[in-house]
Every structure is written in structure tokens, then in C-alpha cells.
Amino acid sequence: MSDAGPGAAGAPIVRIVDLHKSFGAVEVLRGISLAVNKGEAVCVIGPSGSGKSTLLRCINGLIPVDRGEVYVGAHAVHTLHRDQEMIALRKDVSIVFQQYNLFPHKTALENIMMAPIQVLGQPRDEVEARAHELLKKVRLAGKESSYPGELSGGQQQRVAIARALAMRPSVMLFDEVTAALDPETRKEVLVTIRQLVDEGMTSILVTHEMAFAREIAHHIYFTDHGVIVEDGPPAEFFGNPRKERTRAFLEQVS
Amino acid sequence: MIDIAAWFKWLHQTSGIKLTIFYDSYDRSRFLEGFGNTLKLSLYCLILSLLLGACTAWLCGSRQAAIRRAANGFVQLFRNTPPLVQLYFFYFAVGPLLPKVDGMPLLGSMGWAIVSLTLLEAAFAAEIFRAGIEAVPKAMIEAAESLGYSRAQVFRLVVLPLALRVTMPAMTNNLVNLVKTTTLAYAIAVPELLYMSAQIWSEQVNVPEMMVVLLISYVAIVGIINHGMQRLETRLRVPGFGQ
């Protein structure tokens with residue numbers, strides 16, 4: 001959340017140019033290009049299997065890029081090979097997963113504190129104070145010493161968001177973070193994310209929550225079969241989709 | 001001790017049950033020496049085999065094929081041959097090849113028993129660790145990597161703690177087996193519990209009595225291990241994982 005990042009002067013903080021990725025013979029991404037400015041929230045929507053999760057994982061280097069360019073701030077992700085460079089990138093980009101993926105042997109508080117101490121080497125008491133604040137922010141004060149197994153899905157997901165925020169990333173990635181939740185707990189997670197977006201956290205969200213995307217996104221990308229079919233501001237995208245494929249998809253999900 | 005000794009002497013005179021280890025000081029010291037050696041052998045092999053097993057499991061997942069093959073080969077060799085044959089192999093085939101120091105062999109029978117049993121148990125421990133490591137969800141590793149953990153940190157801070165919890169029951173089994181397998185050291189004259197007991201019963205001709213003593217002794221040793229491991233398992237238990 002540094003104020004003078006490379007994207008501060010209006011240049012995009014995340015820029016993807018003609019990204020290709022295959023798994024064996026399956027071409028998952030077939031030339032994706034997009035740009036996200038600092039402080040923007042971008043939603044990527046599209047049918048299952050259209051490569052949305054793969055796209056997110058290419059941004060923080062969890063999946064190596066086949067062809068094309070991915071820039072995050074000062075990192076040229078497609079050129080990174082050494083472990084050290086990858087670690088530097090991941091300190092800048094946090095991701096929240098569909099299945100929360102909290103460490104089951106650590107309490108909620110420890111889950112949030114681990115990486116800032118062990119990866120960033122920050123002093124323990126400072127990190128602990130921040131972790132308490134973050135738990136309050138995601139409205140889980142009092143759950144500090146609960147293990148993930150003792151929390152509901154929605155609570156676990158909010159701890160996962162707090163864990164990601166504790167790294168003070170410049171970009172947050174959300175990978176269908178409400179897909180595994182029931183309607184009630186889904187809402188509490190969405191409220192948390194909306195708050196982050198309102199505070200100006202640069203976010204890329206892969207989601208099936210159309211109403212939510214329409215409400216919070218600055219820009220929508222619709223992907224299908226590994227390409228971006230259509231993109232635009234939410235009002236325009238949802239109100240007046242240009243492509244036949246987009247209309248068909250929106251009719252199906254609404 | 002005086003009372004107990006007197007009681008067992010009386011027991012012998014009245015019933016013929018001859019437990020000399022309770023009243024004959026020579027037999028008692030021999031028995032305790034055997035008991036101590038069994039504990040020593042078990043403890044050495046336990047610690048060394050856990051360390052070697054963890055290393056081997058780690059090497060089995062190496063990025064280099066040659067290292068992976070070597071680690072797997074070690075596991076296969078020691079898992080698929082009889083323990084007694086391994087023991088004889090080290091003592092009778094490898095032992096004489098080593099240089100002597102001041103006319104004495106470099107390793108005595110106790111030393112070779114520790115080497116042989118450690119390698120055997122390490123092979124089994126490696127397999128157990130490997131299964132535990134594979135049971136850690138890939139998503140957990142991905143989460144740790146996305147937080148900026150290095151490969152070694154992911155293994156040490158996330159994979160190993162979770163794998164250990166999964167492997168506890170199987171590891172307890174392995175340790176129990178280890179204690180029982182130490183009796184094979186009898187075959188190369190290591191003065192452990194079985195060997196010393198055999199000395200006592202061949203002199204005192206109290207075979208049935210010593211058999212009972214032996215069984216009870218091993219039940220006690222294994223019971224302590226079981227109890228300790230169970231307490232450890234309870235302490236490490238976390239809600240919602242591995243149950």
C-alpha cells in the first residue's frame with residue numbers, strides 16, 4: 001500500500017500483454033491482455049474452465065507463463081526464474097483462495113502473523129499488534145486463538161483475507177473466494193472485500209457474484225475459452241453487452 | 001530391596017519358582033545390564049533412524065533424479081531383506097573389512113547392531129514420512145508459496161509439522177517394532193536383555209520363570225513408548241485436522 005508505487009503516476013500497476021498458458025495439450029489462456037490501475041478493482045468473470053484461476057496464478061508466479069508479458073509494479077513476472085525473485089514478487093502480491101487454505105496447525109492470529117515474521121522479518125510485537133487490528137477489521141476480534149477447524153467457512157475466509165493483508169501487498173488477488181460458502185457467510189466476506197476496495201486496495205477478483213461485481217468493480221473482463229471476449233465499465237458491460245456470447249452468459253447466470 | 005529379596009527366596013523354597021534376579025546380586029546385575037543395553041540400543045536406533053528417515057524422505061522428493069533413485073534404492077534394499085540377514089551381513093561381511101585400531105575392531109557387536117537396526121528402521125520411517133508428506137494438501141503448499149516462503153521454509157514450517165501429525169500412529173507402530181527387533185542383536189552376542197536372560201536361565205535352569213520376566217519386561221518398555229507417543233499425539237492434535 002505504498003503511496004509512491006510505480007503505478008502512482010497513472011501507469012497501470014498490473015499489466016498483462018498477450019498471455020498464453022497451456023497444460024499439456026490444453027490451451028487454457030490464449031492471448032489475454034489487461035491492465036489494472038492503482039486503486040482499481042477489476043472483476044474477471046466467465047464460465048468455469050475459462051482460465052480465470054490460471055490467470056490469477058500467473059500474476060503471482062504460482063504458475064509459470066508460457067508466452068506473453070506480465071508486469072506487477074517493478075516486477076516483470078514472465079522473466080522471473082530464480083526462487084529469490086519469485087519471493088520478492090509474492091511479498092508484493094497477496095492471493096486469497098477459494099478454499100481459504102489456512103494452516104490448520106496454527107491459530108487464527110498465528111496464521112496472520114507467520115509470514116510477516118518469517119518472510120518479511122518484521123518484529124514480533126509490531127506484527128502481533130497489526131494482526132489484532134486486522135482481525136478487528138474483518139470483524140473477528142475474539143477469535144484470535146481459534147484454530148481454522150473451529151471456524152466457519154466465512155470466518156476462515158476472512159482470516160485468510162487478514163493473512164493476505166498482513167503482508168501489506170500492493171495488489172490483492174481474490175480467486176472465487178465466496179464459491180465454497182453458503183449464502184449467509186458469503187455476505188460477510190463480500191462486505192469485507194467491499195470495504196477494502198473502498199479504501200483503495202488494488203484488487204483483481206475472479207468471481208461468479210454478478211451483482212457484487214457490478215456494484216464494486218471499476219472494470220469488468222469477461223473471459224471464455226482463454227480469451228477476453230468483452231470488457232468495459234460495469235454499467236456498460238451489464239447494461240448493454242455488445243457480444244452475443246456475453247449476452248448468452250449473462251442471461252444464463254442472472 | 002531386602003524385603004523383596006527375602007520374599008522371592010521364600011517363594012523359591014516353598015513353591016520352586018526360581019526368580020534369582022531378585023535375590024542373587026550377580027544375576028540381578030546381569031539382568032539390569034541387559035535391560036540397560038536394550039534401552040540404550042532402542043534409544044540410539046530410535047533417534048538415529050528418525051533423523052535418517054526424515055532425510056531420506058526429503059531426498060526421495062529431490063529435484064535430481066539420481067538422488068531420488070539412490071534414496072529409493074536404500075529404502076527398497078533395507079525394507080525387502082530380512083533383518084537378521086542384514087545384521088549378519090554387517091557383522092560378518094562388512095565388519096572384518098574395516099581396519100583395526102590397536103588390534104581391536106573399529107565397531108563392536110553393539111556398534112554393528114546400532115548401525116544395522118538404524119538403517120532398517122530408517123527405511124521404514126522414510127516410507128512413513130513420505131506418505132505423511134504426500135498427505136499434505138497441495139493447496140497448503142501453494143498458500144505458503146504465495147506468502148513468499150522459500151522451498152525450504154515451506155517444507156520446514158508447513159509440510160513437516162502437518163506430515164508429522166498424520167504419521168504419528170504409524171510411527172508409534174514403527175518404534176514398537178524397533179524395540180522388539182533389538183532382540184535380534186542376540187544373534188551377534190550383544191549383551192542385551194534376551195542375551196543376558198539366556199545366560200541366567202542356562203545357569204540357573206529357570207527357563208519358564210525367565211520367559212515370563214522377559215515378556216513382562218518388553219511389555220513395560222513398549223508400554224512406556226506407547227504412552228509417551230499417545231501423549232505427544234494428544235498434545236499435537238489440532239481441531240479439524242487429521243481426524
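## Sheets, helices and a chain contact in a predicted model

Val14 of chain A stands opposite Val72(A) in S4(A), and this pair belongs to the antiparallel pairing of strand S1 (residues 14-23) with strand S4 (residues 67-72) of chain A, which five bridges join. The model is a predicted one, in which local features need pLDDT of at least 70 and side-chain atom pairs count only at pLDDT 80 or more, while totals for chains, interfaces and linings use all residues. Residues are numbered from 1 along each chain as its sequence is written, and chains are lettered from A, with ligands numbered from 1, in the order in which they are written. Strands (E, at least two residues) and helices (H or I, at least four residues) are DSSP runs numbered from the N terminus, and two strands are said to pair if DSSP finds at least two bridges between them.

S1(A) and S4(A) are part of an open sheet of four strands with antiparallel pairing, in which the order is S2-S1-S4-S5. Its edges are strand S2 (26-36) and strand S5 (75-76) of chain A, each of which has a single partner strand, so one side of each is left without a neighbour in the sheet.

A further open sheet of chain A has six strands in the order S6-S7-S8-S3-S9-S10, and here the pairing is mixed. Strand S6 (93-96) and S10 of chain A stand at the edges with a single partner strand each, so one side of each is without a neighbour in the sheet. On average, and with direction ignored, neighbouring strands of this sheet are turned by 20° against each other, the angles being taken between axes, that is, lines fitted to C-alpha atoms. Within the sheet, strand S3 (residues 41-45) and strand S8 (residues 202-206) of chain A run parallel and are joined by four bridges, with Leu205(A) in S8(A) as the bridge partner of Cys43(A). Strand S9 (residues 219-224) and strand S10 (residues 227-232) of chain A, by contrast, run antiparallel and are joined by five bridges, and Phe222(A) stands opposite Glu230(A) in S10(A). The hairpin of S9(A) and S10(A) has two residues between the strands, and His225(A) takes a positive phi near 50° there.

Most residues other than glycine have a negative phi. Glu176(A), in the loop between strand S7 (171-175) and helix H6 (183-198) of chain A, has a positive phi near 45°.

Turning to helices, the axes of H3(A) and helix H4 (residues 124-137) of chain A come within 9 Å and cross at roughly 135°, on a scale that runs from 0 to 180 degrees between N-to-C directions. That makes H3(A) oblique to H4(A), a class for angles that are not under 35 degrees (roughly parallel), over 145 (roughly antiparallel) or 65 to 115 (roughly perpendicular).

The contact between the chains takes 21 residues from chain A and 20 residues from chain B, where residues are in contact if their C-beta atoms, placed from the backbone, lie within 7 Å. Helix H2 (83-92) and helix H3 (108-118) of chain A each supply at least two residues of the side of chain A that touches chain B, and the largest share of that side, four residues, comes from H2(A).

Methods: Contact = placed C-beta atoms within 7 Å.
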